[in-house]
Amino acid sequence: DNEEGRHGRKMNVDSESKKSWGAHLNDFKVWYQSLSDEEKPHASDLLAQTDWSDYSWCWRQCHAASALLCGTPNVKGITMSVKKLKLLARAGFFRAFPYNGRESLVDEDDYEGNTAFDSTFHTLEDFSIKYGSTHIPDWYDCDAAFRMWISALHNGIVNFAKGDSCVLSTPQIEKLILIGFCNDRDDLSNLSRGDVIWLKNLFELKRYRDLFGDCNVPSDFPHLHEWVNEQKELFRLTRAGKRDMIHASRLEMLRDAGVDFFTGECLPNTVSENEVRSFCQFISSPDNIPADDNSTQNDLYWKGRQFNKDFEALKSRGTSSVLANEHEELYRWFVERRGKLLLLQKKSVDGSLWDNYFERLAMFKAAEGHLNIPDDYPDKSLLMWLSRQQDILHLYSAGQHLEILPTQLKKLIAIGVCESKRMGPAVKMSSRTMKRKFPSKKLVLG
């Protein structure tokens with residue numbers, strides 16, 4: 001029976017190799033759409049039981065997507081591109097086959113060389129148990145390669161704590177934390193398990209940004225979309241006066257990554273008719289903007305009265321353009337209010353965000369007379385957006401199809417945005433490789 005089962009699986013794999021990638025994706029879409037709402041959360045288990053060939057293909061696409069977005073081990077013979085990622089996401093693939101989070105099908109430690117890490121780690125663990133430290137003194141007799149390995153671990157965790165690439169997996173970093181590796185070194189943060197997961201998510205967000213050009217993660221990438229929204233909600237609560245909801249260092253790393261906290265997405269969900277009228281009056285005539293009704297109760301969020309005075313003083317000097325590097329708090333206040341108005345007008349999400357960015361760019365040019373925004377400009381998300389628009393103009397000049405409105409292109413050209421001289425660098429891939437090309441049938445079905 002086992003022999004027959006193995007032959008049956010091989011026949012499925014052979015027939016699968018004759019099917020194109022697009023045909024596989026269409027088969028998945030048809031099958032997934034046929035499931036009920038109760039069945040969809042268990043889609044991967046159901047597919048493994050009904051069609052092993054299709055499940056095997058989906059398993060490999062899931063691992064390839066994780067390698068591109070999260071830096072997990074590559075799968076031999078499988079390539080993943082931005083175009084394929086978009087097609088998989090739109091088909092609901094990552095809802096059925098999550099590549100990240102608790103329900104993930106990806107085992108970060110299932111790659112060549114993992115056994116070598118474990119054996120070397122056990123040597124370091126034994127040393128820490130015997131001597132009470134993971135620091136290897138000069139007098140200790142050990143292989144030079146062992147010292148180099150520890151130095152590489154140290155450099156890797158330093159980069160990881162900054163939100164940069166790290167070849168270590170989540171379980172490996174957690175093992176090092178448990179034996180006191182970070183605590184024994186003054187230049188390393190004393191990371192917790194929550195910090196490790198948060199930093200892994202931040203790294204995934206940076207990968208997404210490098211691939212797609214921004215940090216506006218759609219719901220087609222469920223885990224990352226939910227995580228980014230959680231960070232925006234924590235920021236909103238912090239602005240509302242609830243202290244310590246998000247650490248300042250985390251907020252800074254998110255802003256440096258390009259997360260835009262200053263649009264309607266992070267503003268309060270409940271809006272009264274009086275607030276709608278007030279914001280409309282503000283845009284049409286800032287002179288008439290009323291003070292916030294709740295400023296006496298919670299002045300930490302809007303700081304409305306003070307900013308009204310600052311804005312009036314700015315207008316008295318003959319300008320209504322305030323820059324982030326001149327008065328960052330006033331600038332953020334203006335962007336928040338403008339973002340809320342766009343949300344209230346119920347425009348399309350993409351259009352609202354684009355118009356909000358364009359207005360901020362126009363404010364900069366009106367004040368400075370040029371669009372050469374310096375790298376240290378506080379509005380990091382505007383820098384990211386401008387770079388993306390320059391890349392779009394470059395692709396447009398090359399005759400490629402773009403997902404941008406003609407009116408938006410005209411606005412960019414009219415304001416003086418020039419195409420980028422170079423495209424962004426390709427995402428660096430890890431050299432780690434999965435041991436298996438196909439999922440383990442015993443683990444899935446047993």
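**Charges, rings and a buried tyrosine**

Lys19 is partly exposed, with 31% of relative accessible area, where buried stands for under 20% relative accessible area, exposed for over 50% and partly exposed for what falls in between, computed with a 1.4 Å probe on protein chains only. The model is a predicted one, in which local features need pLDDT of at least 70 and side-chain atom pairs count only at pLDDT 80 or more, while totals for chains, interfaces and linings use all residues. Residues are numbered from 1 along each chain as its sequence is written, and side-chain values use heavy atoms, with hydrogens and water left out.

Lys19 takes part in salt bridges, a term that stands for a side-chain nitrogen of Lys or Arg within 4 Å of a carboxyl oxygen of Asp or Glu. One partner of Lys19 is Asp27, and the closest N and O atoms of this pair are 2.9 Å apart; Asp27 is partly exposed, at 33% relative accessibility. Another partner is Asp54, whose side chain meets that of Lys19 in a salt bridge of 3.7 Å from N to O. This second pair links distant parts of the chain, 35 residues apart, since Lys19 belongs to the loop between helix 1 (2-17) and helix 2 (21-33), and Asp54 to helix 4 (residues 52-70). Here helices are DSSP runs of H or I with at least four residues, strands are runs of E with at least two, and both are numbered from the N terminus. Asp54 counts as buried, because its relative accessibility is 14%.

How many salt bridges does a search of the whole structure find? The search finds 9, and one of them joins Asp220 to Arg95, with the closest N and O atoms 3.6 Å apart. This pair, too, links distant parts of the chain, for Asp220 is in the loop between helix 10 and helix 11 (222-239) and Arg95 is in helix 6 (residues 93-96), 125 residues apart. Asp220 is partly exposed at 22% relative accessible area, and Arg95 is partly exposed at 37%. Salt bridges with shared partners also join Lys19, Asp27 and Asp54 into one network.

From charges we turn to rings. A search of the whole structure finds 28 aromatic pairs, in which rings of Phe, Tyr and Trp (its six-membered ring) have centres within 6.5 Å, and planes under 30 degrees apart count as stacked, over 60 as edge-to-face and the rest as tilted. Among them is the edge-to-face pair of Tyr131 and Trp139, at 6.0 Å centre to centre with 70° between the planes. Tyr131 is partly exposed at 38% relative accessibility, whereas Trp139 is exposed at 61%. Tyr131 also forms an edge-to-face pair with Tyr140, at 6.0 Å centre to centre and with 80° between the planes, and Tyr140 is partly exposed at 25%.

Is Tyr208 buried or exposed? Tyr208, which lies in helix 10 (residues 193-212), is buried, because its relative accessible area is 4%. Leaving aside residues up to four places away in sequence, Tyr208 touches Leu69, Gly213, Asp214, Asn216, Val217, Pro218, Phe221 and Leu224, where contact stands for heavy atoms within 4.5 Å. The C-alpha atoms of Tyr208 and Leu68 are separated by 8.9 Å, although these residues are 140 residues apart along the chain.
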